Structure formats: C-alpha cells, structure tokens
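Visitor: I would like to learn how to read a protein model. Please show me one and take me through it.

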Amino acid sequence: MQELRFNPLVGEWVIVSSATNERPTQPVDNCPVCPNSLEFHGGYDLATFDNRFPALSPLIEDVFQPDSRLLRNGLPAGKCEVIMYTSSHGLSVPNMELAQLEKLVEMWCERYLEISSFQHIKSIFIFENRGKEVGASIQHAHGQLYSFPFIPRRLELKANSFTDYYLANRSCLVCDLLKDESYGRNTIFETAGFMAVVPYFSRFPYEVHLYPKRHVASVIDLIASEKRDLAYSIRHTVRLYDSIYNQEFPYMMTLYNPPVNTGRTYDDSYHFHIEFYPPKRAKDKLKWMASVETGTWAFVNPAEPEEIADFLRKVEVKI
Ligand SMILES: [Zn+2]
Ligand SMILES: [Zn+2]
C-alpha cells in the first residue's frame with residue numbers, strides 16, 4: 001500500500017508505504033549489489049537501479065478517498081533509486097579515485113536532468129546514508145535518490161528563505177553568507193571552486209556544508225573544474241571524519257537543489273550545496289533525534305561550531 005497523506009496540523013505530506021517495512025534490517029552475507037548478484041547480472045562501473053522497497057513509485061493504483069472535510073491524500077507518484085558509486089565492494093568514498101567520484105557527480109546531473117523532465121515531479125533529493133547508525137542496510141558504497149510529487153516541508157522552507165532573501169536584497173543568500181567574515185571563520189578547507197564550512201548555526205556537532213564559491217543554482221550548473229572540486233571536497237570531508245577516531249564515521253550526506261516544475265525560477269536565488277550530518281557527538285555517543293528535535297525541529301547542538309571547525313582544521317588525514 002502506498003499513499004500520500006496530508007497533515008493539516010503542520011502543512012506537510014507524509015508518505016505511507018508498507019513496502020519500506022520489508023527492507024532488510026541486517027546486512028546479508030551475500031552482498032546484493034556486487035557485480036553478478038541479486039541486482040546486477042553482469043558487471044558495472046557506476047549504476048543506478050530502482051529501489052526494491054520504495055517509499056514512492058511510478059505505479060499508480062487509485063488511492064482510497066476519505067469522505068472528510070479535513071483529510072486529503074494523493075498518489076505517491078515518485079521514484080526511489082539506488083546509486084552505486086563503484087562495483088568494488090571494498091571501496092568507499094575516502095579511498096575512491098577522484099575520477100570515479102567525478103563520474104558520480106556526472107551521474108547525479110544525469111539523473112537530475114532526466115527526472116526533472118517528468119512534470120509531476122516537484123523535488124529531487126539525492127543523499128547518502130553511511131553506517132548502521134543512520135539505517136544503511138548495505139555496506140557497499142552507494143547513495144540514493146528520492147523524487148517527490150510535492151516539495152517536502154523543509155525543502156520548501158529552504159527554497160522560500162532563498163526567494164524571500166533574494167526579493168529583499170537582490171542578491172543570493174549563500175553568496176552573501178560566503179562573503180560574511182563571521183560565517184567564513186568556520187571554514188575548514190577550500191579549493192578553487194568550493195568552500196567547506198562548519199556552519200555557525202550547525203544542528204549536529206560535526207555538521208559540514210560544502211558550497212560552490214561561484215553562484216550555482218543546481219548541481220547541473222557546475223562546470224567541469226567545479227565538479228572535480230566537489231568530488232575532492234566530498235572525499236576530503238569524509239577523510240577528515242574517518243580520521244577523527246580512526247574508524248568509519250557514520251553520516252548523512254544531502255544535496256540541496258531547487259524545486260523543479262513549479263513554474264517559478266530559482267536561478268538567481270537558490271545556491272546549490274551539500275550538507276553532512278554525522279550523528280556522532282563523541283567516539284561512543286550518538287546524537288539522537290529525540291523529543292525536542294522530532295517534536296519541535298529545534299535542535300540542541302552539544303558542541304560549539306567554532307571549536308569543531310578549529311578541531312577539523314587540525315585533524316591529520318590518515319587515509
Ligand atoms: Zn558488494
Ligand atoms: Zn549564490
């Protein structure tokens with residue numbers, strides 16, 4: 001059963017999808033995404049395939065219409081894809097070749113372009129969950145893509161913040177943040193095209209954002225040298241993380257691109273970026289999404305972002 005249900009209390013859509021409950025919770029002995037396995041009959045370099053246990057899918061059967069003045073629902077007409085970074089089971093982001101990660105950035109662009117051509121899709125969210133702490137059930141390096149027939153609430157808030165700022169100031173919010181001395185103080189490293197920052201307003205202790213220095217609205221607008229810099233910046237961030245405790249650091253990596261097919265343009269207002277949310281707050285301690293975070297969206301960050309930025313600048317990469 002799959003259905004979208006609207007929560008009028010906070011104005012957000014919820015995806016009801018019993019398929020996701022079938023997802024395996026334990027890593028299986030035989031990797032299902034290696035070459036010549038469950039998902040692949042032959043070999044591959046990079047690859048995408050439809051998630052077997054999708055939250056959204058292109059089906060669509062009719063959904064039950066509630067006989068109610070207040071309740072409404074909709075079709076979960078979207079797509080959930082798995083993106084394999086490499087066919088090598090032992091590799092992951094920190095020890096992958098830069099050229100392979102550049103190909104991954106190209107694949108993000110390709111998927112984003114193709115999926116945005118479907119007019120009913122309003123938002124494309126590309127991400128990676130790494131580690132069992134954030135629910136990754138497969139160890140083999142991979143990311144995912146969800147395309148939604150609506151704009152998820154936090155993405156809508158973000159797009160609206162960009163638009164409101166642009167209308168008030170005739171400039172881009174992130175471009176201005178990058179010029180702000182206080183914001184730039186928490187830069188942990190930079191390349192010609194990208195900046196890596198522990199944001200002043202971090203929600204997670206080890207949160208890191210990657211921003212293109214040039215105004216770039218979405219991932220497809222990056223030029224070749226920026227794609228290479230992005231590949232480098234992603235790898236370097238994960239190398240720093242893994243060097244903190246000399247162990248694989250769990251994280252969520254999320255790409256922020258503007259909504260699509262809304263009839264509005266975000267070219268001048270939206271600034272593409274990536275946010276990393278690692279759930280660790282110490283070697284053996286996790287930061288949980290508990291009552292305050294889940295119930296109010298107000299995060300309590302137990303670390304001072306300036307101290308974390310200072311610490312990450314000094315971490316010696318051992319990979
Ligand atoms: Zn594998
Ligand atoms: Zn900008």
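Guide: Start with a term: two strands are said to pair if DSSP finds at least two bridges between them. This model is predicted. In it, strands β8 and β9 form a hairpin, with 3 residues between them.

Visitor: In which sense do strand β8 and strand β9 pair, and over how many bridges?

Guide: The sense is antiparallel, and there are 3 bridges. Strand β8 covers residues 187-190, and strand β9 covers residues 194-197.

Visitor: Which residue in β9 is the bridge partner of Glu 190?

Guide: That partner is Met 195.

Visitor: How many helices and strands does the protein chain have?

Guide: The secondary structure comes to 7 helices and 14 strands. The C-alpha trace spans about 60 × 55 × 40 Å along its principal axes.

Visitor: What radius of gyration would a compact globule with 319 residues have, and what does the protein chain have?

Guide: A compact globule with 319 residues would be near 20 Å; the protein chain has 20 Å, so the two agree.

Visitor: What share of the residues count as buried?

Guide: A residue is buried if 20 or more other C-beta atoms lie within 10 Å of its own. Of the 319 residues in the protein chain, 32% count as buried.

Visitor: What share of the contacts comes from residues 24 or more positions apart?

Guide: Counting contacts in the protein chain with a separation of 6 or more, the share is 71%.

Visitor: Where does UniProt place the feature "binding site"?

Guide: The record, an unreviewed entry, places it at Cys 31, Cys 34, His 89 and His 140. These positions span 110 residues in sequence, but no two of their C-alpha atoms are more than 8.3 Å apart, so they gather at one spot.

Visitor: Where is Cys 31 found, and which residues does Cys 31 touch?

Guide: Cys 31 is in the loop between β2 (12-17) and β3 (47-50). Not counting residues up to four places away in sequence, Cys 31 touches Ser 37, His 89 and His 140.

Visitor: And where is Cys 34 found?

Guide: Cys 34 is also in the loop between β2 and β3. With residues up to four places away in sequence left out, Cys 34 touches His 89 and His 140.

Visitor: Is Cys 31 buried, exposed or partly exposed?

Guide: Cys 31 is partly exposed, because 15 other C-beta atoms lie within 10 Å. Cys 34 is partly exposed as well, with 18 other C-beta atoms within 10 Å.

How values were computed:
Residues are numbered from 1 along each chain as its sequence is written. Chains are lettered from A and ligands numbered from 1 in the order in which they are written. This is a predicted model: local features need pLDDT of at least 70, side-chain atom pairs count only at pLDDT 80 or more; totals for chains, interfaces and linings use all residues. Helices (H or I, at least four residues) and strands (E, at least two) are DSSP runs, numbered from the N terminus. The radius of gyration is taken over C-alpha atoms; the globule rule is 2.2 Å times the number of residues to the power 0.38. A residue is buried if 20 or more other C-beta atoms lie within 10 Å of its own, exposed if 12 or fewer, and partly exposed in between; C-beta atoms are placed from the backbone. Two residues are in contact if their C-beta atoms, placed from the backbone, lie within 7 Å. UniProt positions are given in the numbering used here, feature names are shortened, and annotations may be inferred rather than shown by experiment.
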